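Welcome! Let us take a short tour of this protein together, starting with a pocket and moving on to a strand and the domains.

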Amino acid sequence: MFGRLVKFAWRSTWRNGRRTVITGLAVGLGLGSMIFYEALMQGMGAYMIQTTTNPWMGDAQIHRNGFMDTRRIDLTVERPDSVLFMLRQDSTVSACTPRILSPASATSTTEMKPVTLIGVDSETDPALTMLEAAIDTGSYLSGDSTELIIGYKLADDLNAVPGDVIVITVARADSGLSSSMFFVSGICRFGSDDLDRYSAFVNLNTAGGMLGIPGDVHEIAVRFPESKTGADTTIAFWSEFSIFGNSALGWPELAPQVSAMLNMVDLGMAVTAIILFALVVFGIVNSLFMSVYERMYEFGVMKALGTRPGTIGTMVVLEAFWIAVISTVIGSAIGLLTVWITSKTGINFGEFDVSGVVFDKPLYPILKLSRVWIYPLFTLILTTAAGIYPGIHAGRLNPAEAMRKSL
């Protein structure tokens, strides 16, 4: 019996083929748009994480407790050699590098600018950051104590070029000031205002000597094989390296504005999906009511012949199911094809800034199978469910009134 109803509903669906196609296309375009929007937002999120972690930050960092709040020069990582040894033995860590950070002033022959002096390990840093790759003019650090790398914006502010002399002045950990003369060995271009305008890079030992903290570091940056590991609070890494008075933090805690933006993107996706599916439901209900009113005579005859209201209602719901199947197929094909094409070509939105992240490269949609199935499934369920109310209405028709109105 149910099988005959399914076949009858399929034939009824195509009784007005034009309306079925239009309805299927309308719902399918909505579904396709959601699939593409989901992939685009996933691509945007991946770009934000990559842009935040890859150039400089890393996926995680280890600091002395209280350093991130106060930036005090004397709050150095406890037992840094032991921590670095443990990190290099950890299978979940792909790279790590120590750093020294301090407020400073950079003085050229014409200008003086506030900067952050950053001491880097020239041997381990290239495996974790883009400093070496970001060198636009000049060369990378070779270990000489007089080498200095500055961003191109800072170079413009100081009117400096490779080979020029820059004097860096810092406050020592044991009080007092320390000034050293450096030669600009390289000018870098990160694409980040903080790094390009307010940072000066020197060798780690040189920075330690200037600050009076030889052998100590303020920060150890960590790279995982996958950036998403930095947001995984369930792994043992955080407890294993929050020791000796130190704390290990992932990129969501280091860049809370990016994490908040990603949460807003997820919320926006949910709101958009609710609005779209609400429109889909109303559209399907309207289409099915039109079908019911066109077939009032047919339903009246069926009721007069003893067909139960539940059977008529089931027929209408099954028609909604077939429209849902057609819409899901059309929408999935449109969405997947659009994502496949744009994932190859990318989408260029020009240059804009969101939460401190500069979007200056094409975005590539990313299709996650773990999430993309949700939209076709909801389309199928909600479109089918939209047939319940018109089905109840059709089942309650009075046979005499239905046949009289149709005539």
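## A pocket and its lining

In this predicted model, 17 residues line the second largest pocket, and those nearest its centre are Gln-42, Gly-45, Ala-46, Ile-49 and Lys-368. Two elements each give two or more residues to this lining: helix 2 (17-57) and helix 10 (256-294). Helix 2 supplies the largest share, with seven residues. The volume of the second largest pocket is about 480 Å³. Sorted by class, its lining holds eight nonpolar residues, alongside five polar and four charged ones.

## A covered strand and its partners

Now turn to strand 8, which spans residues 199-203. Is this strand mostly covered or mostly open? Strand 8 is mostly covered, as five of its five residues are buried. The table shows how strand 8 pairs with strand 3 (residues 112-120) and with strand 5 (residues 147-151).

| Partner of strand 8 | Sense | Bridges | Residues standing opposite |
|---|---|---|---|
| Strand 3 (residues 112-120) | parallel | five bridges | Gly-119 and Val-202 |
| Strand 5 (residues 147-151) | antiparallel | two bridges | Ile-150 and Ala-200 |

In strand 8, then, Val-202 faces Gly-119 across the pairing, while Ala-200 has Ile-150 opposite.

## The domains

Finally, step back to look at the whole protein. Domain 1 is made of two stretches, 2-52 and 259-405, while domain 2 covers 60-223. How far apart are the centres of domain 1 and domain 2? Taken over C-alpha atoms, these centres are separated by 54 Å.

Notes:
Residues are numbered from 1 along each chain as its sequence is written. This is a predicted model: local features need pLDDT of at least 70, side-chain atom pairs count only at pLDDT 80 or more; totals for chains, interfaces and linings use all residues. Side-chain values use heavy atoms; hydrogens and water are left out. Domain bounds come from an automatic or database domain assignment. On a 1 Å grid over the protein atoms alone, a cavity is a set of points where a 1.4 Å probe fits but cannot get out, and a pocket is an open set with protein on both sides within 12 Å along at least five of seven lines; lining residues have an atom within 4 Å of a point. Grid points are joined across faces, edges and corners, and a volume is the space filled by probe spheres set on the points. Helices (H or I, at least four residues) and strands (E, at least two) are DSSP runs, numbered from the N terminus. Ala, Val, Leu, Ile, Met, Phe, Trp, Tyr, Cys and Pro count as nonpolar, Asp, Glu, Lys and Arg as charged, and the others, Gly among them, as polar. Buried means under 20% relative accessible area, exposed over 50%, partly exposed in between (1.4 Å probe, protein chains only). Two strands pair if DSSP finds at least two bridges between them.
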